[in-house]
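Please examine the model shown here with its charged side chains in mind.

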Amino acid sequence: MKQLSLDRNTFKILLSGYIIIALLGAIILNSSWASVAPISFIDAFFTSTSAISMTGLIVKNTAADFTLAGQIIILILIQIGGLGYMSIGLFIYILIRKKFGFNGKNLLKESLLYPSTEGISKFFKNVVLFVFLIELIGAILLTMRFMLEMNFAKALWFGVFHSISAFNNAGFSIFESGLTPYKHDLAINIIITSLIIIGGLGYFVLVELYFFQKKRIQNLSLHTKVVILATISLIVFSTLIIFLLEYSNPNSIGNFSIFDKILSSYFTAINYRTAGFNTLDMSALHDASLFFGSLFMVIGGAPGGTAGGMKITTLVVLLFYVYWSIRNGRVRIFNQEISQETISRAFIITVGSAVYIVIAVILISLLESKFNFIYILFEISSAFATVGISVGDGRTLSLCALFSDSSKIIIIIMMLSGRIGVYAFLLSIFKEDKSTHIKFPEGKIYL
């Protein structure tokens, strides 16, 4: 209980920190030098929150409504969100050769979802190295591609921006029409999706894969094995589902060649789970595809990285729990038993996510009754899972751009809570039970 109490306080600090950073970002984006024309504070706050939570839902066109300075601020917020503000704090401490206290290390541990505070500084240094190296490679590849149609300086800026945005699963683009002009471009599709997948694996998995490849560790952990296999399985499955559901839809991929149908299905499948880029008009997809997308967005990516949602590890634990419960066996994966604490946490995350989404859907459906229900569900799932993909407002913005300020505030809350995770958010808002030492009579409920 002492550890849970410590985590509860830590999560409160993390949530408060992200709210403060989002507010500061909003103040800057609301200034005259950051935006082309005056924007409301709520829109600036929405944009700042979307960036720090790496969501990508936009109520203002990043390319048209913000100056270069504003775009740089958005990119900085994305990078802070990706590494976690405590990580940035540690990075500064390292640069000025200061010691990081226990409380700071504990915050960093929860921010990066690292198992313990022991070795956290060394782990963080590896994370920073990996992040900037991957983003650099992505920026170089994208710059080379963009140079085919623009000058070097512009290509470099577009390459850097989209590499950081993609790796951090943010989905922000400085093309006025997003990536829709590149729906048939193999290079753009592969580079962007590769960055998204790598970022969505989680920092722990990336570092462990590197050490394993260098033979510095003999075996991969259960967590890494589950994340890799689940990620591959979900990518293949979701690509196939989108391909089949939209195969004959003339408004989406129906008129594409077989290769382009597969490419667009793959790109959409990747972005359904973790990022907010799109090469298709999402409003043109069948309702079945949007509903399927909502479910996949809620699943999300892997913990400890740049993706949101319930996390694929939560889904795997629940599926194996159901399987072994039916067989009346002890829950195990790859012959390793799963603790009751992990199973309980998976249930809390799942139930909490379901309740959270249902409440938000009901509220926004009442506030925005003019919109299709499936569109609202899709938008809320996107915000909750910090995905950012949207059916749009009929032009280049997210559907949220048409929402009232009250609805935008609900979406902002969902994006902020999605950044620290469902479990952390629930612990940060609910008080600890003080009667744990009291023995209550046992009751029976029939199921």
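A salt bridge is a side-chain nitrogen of Lys or Arg within 4 Å of a carboxyl oxygen of Asp or Glu. This is a predicted model, in which local features need pLDDT of at least 70 and side-chain atom pairs count only at pLDDT 80 or more, while totals for chains, interfaces and linings use all residues. Residues are numbered from 1 along each chain as its sequence is written, and side-chain values use heavy atoms, with hydrogens and water left out.

Five salt bridges are counted. In one of them, Glu368 pairs with Lys370, with the closest N and O atoms 3.2 Å apart. Glu368 counts as buried (under 20% relative accessible area, with exposed over 50% and partly exposed in between, for a 1.4 Å probe and protein chains only), because its relative accessibility is 1%. Lys370, in contrast, is exposed, at 61%. Salt bridges that share partners also join Arg145, Glu149 and Asp185 into one network.

Lys408 forms a salt bridge with Asp43, the closest N and O atoms being 2.7 Å apart. Both Lys408 and Asp43 are buried.

Glu379 is buried yet has no salt bridge; Lys408, the nearest side chain of opposite charge, is 11 Å away (Lys and Arg count as positive, Asp and Glu as negative, and His and the chain ends are not counted).
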